[in-house]
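Here are my notes for your review. Please read them with the structure open beside you.

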Amino acid sequence: MSPLLSDWPAILAAGAAEAGGKAWTLARLARYGFPVPDGMVLPVAVYRAWLDRSGLARELHAAAALHDAERIAALTALRPRLLARRPDDSVLAALRQRLASPPWRDGALAVRSSAPQEDGADASFAGIHASLLNVRGEAALADAIVTVWASLWTPAAVAYRARLGIAHDDAAMAVLLMPLLPARASGIAFTCDPVSGRDDRLVIHANWGLGESLVAGATTGDEIVLGEQAQDDSLALLACTPGAKALTSVPAPDGGTALRRGGAESGAAVLTPAQSRALGELLRQAALALDYGHPVYDCEWAWDGERFWLLQARPVTARGRCTYPELLGQPDIWTRGNTRDVVPDPLPPMDWGSWRRLANALLETGFRLTGFAMLPGAQRTGLFDGRLYLNLSLIQWEGYAAFNVLPAAMNRLVGGRQPEIRVPPRSGRERLAVGLRMARYLLRAGTLRRQGPPAVAEAMRLSRQWREQPLPADDAGFAAEIRRQARHRHAQAPLHFMQGSGGGYLSLLVDLLDAHRPGEGHALASALLAGGEPSVTLRQGYALSEVARIAMADPTASAWLAARRPGDDWRDLPPDNPFRAAFADFLAQYGHRCVYETYLGNPRWREAPDYLLDSLPGLAAADMAAAAARQRQAADTAWAEARRALPWWKRPLLARMVRTAKHETNDREAARSALMAYTEPARRLWLALGERWTARGWLARADDVWFLMPAEALAVLDGLRPGAALAALIADRRQRFATWQAQAAPDVILQHGGAEDLGATAGVVPLAADGHTFQGVAVGSGVASGPARLIHHPDEGARLAQGDILVVPSTDPAWTLLFLKAGGLVMETGGFLSHGAIVAREFGIPAVVNLPGILQRLRDGERLRVDGARGTVSRLD
């Protein structure tokens, strides 16, 4: 068996445990079509055999177990003996044979460490192990290999392992060999800002010659900063700070490197603006390919005068924390309490690429109206195990700092059971500043809110226009159209405001009611909002219910529905059929929606209406008159209770708050519908592109395109990345995605500290239960009893009978059809602003949300009592 992994495919197959982290990462980049020089590896097994033959393993481990000065002295004494142990003759023979053939023949080498624990997410070992450049000749190569092996046992390496808790028995070393590039310029780069922690920045350091001068800190190179543009994912050159470039590292004639004084070129910029952007895009693409959820990498690169090369890429293990100063002593609280409602499953790259910036736009727009100083570069969404999380620490702090909304109140709005950050008491000056911000918000919000309905209408008009226009003729046309639509979506401030800032008056309403009826504010507010002007989601449900009535009243349509097989086209019905006409009207207005519509990969109802057609027989039995009566009764009862509780002079304020809160929640649903309308032509574009690339042999099937980030697909369209390399990248991502789908994801993740750092609010609040009663958050009015129907997906809705208690993990607008039959709602996730809460309030359905794990605690069919006033769910059997 050869002691040599002779190329990147062999290195990739061996894995990081044998080839080491550095080599294995470069092998992945080579597999994905990135410019990586040739490479071969002496695997860990060769190192272990060398160490066993040396007879020094026991002494090295004993020395490593000593402390401080004794350890340093013992390891230093062993080093000459370790360096004297030559590689085995079979190893040198294998290298001699490989180096005699192109492209290795007569070339200088870079001999680099590649330990299994090196260049990982938890440990970088930067500067710890040895790497040697410009190695020439067999004798020098043998010395270099031994030097790399022995660097595993330097005092610095041993101390680093001890600090990280890595057992010395697990220490091992592979050796990576690469041709030494004739680098005219080289450098290091970070696909984030390592100082501020911003992930929308990219920092490049560049110097003439080999990169050793920068890595060793011998001189300062040019510092180039690029920034991602949220509106279209492009990279912009933000700054270029010239470095001294007083020294450059160059190959020495007899091997090794030498530092020389910079000549006339030291005053010139190493990279032009165009080169800076090209290198930045290459680095960003490499980081995305390695980990699209956390693309923050420390890279080494070189330029040979014609093209850029990637020499190393390792995750950034220590970077600044992009957060507010007041949060630095507390952990980041990442929660799925809100996002699980609309994106319960892992996000493919295409969806994550859109959500990553859109969530910031939704959450920031309202705050910016107040003049509140938002943290530049703050990222409020994160991807963990493929799932979408919100940084609740940032959201809680911004709500408190800008509007004096306490963290507990923000938790109730957002949903989920998670800790609260610690906040300092407000000074008089700060309370005044909050008052001024509130006044500024009220003055400016009206303008954006008035722009909302025209923006919704424009979304519907443009969506129809875009999905009916001819597809682009070539790659350049696709790139231009994708960017044009993306910029337009990003500029929709009224829609972002309506969707992201729809809870202000609702929160004030709950506080007002709680002040006079402690503990009942949520339930009373829910009942007060029942009925009234319906939201677009409720109108959608009513419209489909009317379609169902028409279908069941028509013998031709009802017979067709009863005999329908999957794929049967409703348009095959006679043109004058009343159901066909009604269904066509419904799709014209609501066909841009679908089940879990946030995922671009899910077909819209206009494309695949089977879910709607399957729902019609059950919807025809829904008692709409009873629903309307329930709404009126809930609202009338709540108004009577509120009037009794509030002093007379607050009642006009109550009426205004109820009206405005109702408008806000309706606006939230309208904005969501409009934003989803914009996704329909975007989906059409991406799928058409997938079909083109499938025809070229770049993709296995058109829907592979969902496994690319938008920026990655655009790089292929722009000719910056080879389309032929996409298949390998997508295959690896599909495999990882399947693993995520099979795993459960935690509801809360604490980062940069533990629950103990949150003081009295430490820990995730457990599900409160006495064996019979579960306590959640009341979001719908009244009381209902009935059999529990545990539904995990809207497709199971046929099992729900009129009056059943609907028990679900989460809801999105497609679930609304089931609300027409449900007697009550119980939801694992969600808060006061979740979709399920908004629609349950409108229907006047008794509803309790924020009960994590309830689906595992209940049995399908057992009788439940849902109390929408107290927020309790009781088992009656």
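At what angle do the axes of helix H20 and helix H29 cross? This is a predicted model, and the points below should be read that way.

1. The H20–H29 crossing. The axes of helix H20 (residues 536-553) and helix H29 (residues 835-843) cross at roughly 65°. They come within 10 Å. The crossing of H20 and H29 is right-handed. From H20, the contact involves Thr537, Leu538 and Tyr542. From H29, His835, Val839, Glu842 and Phe843 take part. By class, this contact between H20 and H29 has 4 nonpolar, 2 polar and 1 charged residues.

2. The open sheet. Now to the strands. An open sheet is formed by 4 strands, in the order E1-E4-E2-E3. Their pairing is antiparallel. Strand E1 (40-42) and strand E3 (131-135) each have a single partner strand, so they stand at the edges with one side left without a neighbour in the sheet. On average, neighbouring strands of this sheet are turned by 20° against each other, direction ignored.

3. The E2–E4 pair. Strand E2 (residues 109-114) and strand E4 (residues 174-179) run antiparallel. They are joined by 6 bridges. In one of these strands, E4, Ala174 is the bridge partner of Ser114. Helix H8 (residues 138-150) packs on the sheet and touches E1, E2, E3 and E4. The direction of H8 makes about 20° with that of E2.

4. Helix H7. Which residues of helix H7 are buried? In H7 (residues 89-99), they are Val91, Leu92, Ala94, Leu95 and Leu99. Seen down the axis of H7, these buried residues fall within an arc of 160°, so they line one face of the helix. The face turned away from the buried side of H7 carries the exposed residues Asp89 and Gln97. Cover for the buried residues of H7 includes E1, helix H4 (44-54), E2, H8 and E4. E1, E2 and E4 belong to the sheet of point 2, and H8 packs on that sheet.

5. The loop between H7 and E2. Two backbone features here deserve a check. Most residues other than glycine have a negative phi, and most peptide bonds are trans. The peptide bond from Pro102 to Pro103 is cis, with omega near 5°. Pro103 has its place in the loop between H7 and E2. Asp106 is found in the loop between H7 and E2 as well. Asp106 is not a glycine, yet its phi is positive, about 65°. Asp106 is exposed, with a relative accessible area of 74%.

6. Asn850. Is Asn850 buried or exposed? Asn850 is buried, with a relative accessible area of 6%. Its phi is near 65°, a positive value in a residue other than glycine. Asn850 lies in the loop between strand E22 (847-849) and helix H30 (854-857). Asp106 also has a positive phi, but Asp106 is exposed.

7. Glu712. Which residues does Glu712 touch? Not counting residues up to four places away in sequence, they are Gln285, Leu288, Ala289, Leu729 and Arg733. Glu712 is found in helix H26 (residues 710-717). Glu712 is buried, with a relative accessible area of 4%.

Technical notes:
Residues are numbered from 1 along each chain as its sequence is written. This is a predicted model: local features need pLDDT of at least 70, side-chain atom pairs count only at pLDDT 80 or more; totals for chains, interfaces and linings use all residues. Side-chain values use heavy atoms; hydrogens and water are left out. Two strands pair if DSSP finds at least two bridges between them. Helices (H or I, at least four residues) and strands (E, at least two) are DSSP runs, numbered from the N terminus. Axes are lines fitted to C-alpha atoms, for helices over the stretch in contact, and angles run from 0 to 180 degrees between N-to-C directions. Contact means heavy atoms within 4.5 Å. A crossing is left-handed if the near helix is turned anticlockwise from the far one by less than a right angle, and right-handed if clockwise. Ala, Val, Leu, Ile, Met, Phe, Trp, Tyr, Cys and Pro count as nonpolar, Asp, Glu, Lys and Arg as charged, and the others, Gly among them, as polar. Buried means under 20% relative accessible area, exposed over 50%, partly exposed in between (1.4 Å probe, protein chains only). The arc is that of the directions from the helix axis to the C-beta atoms.
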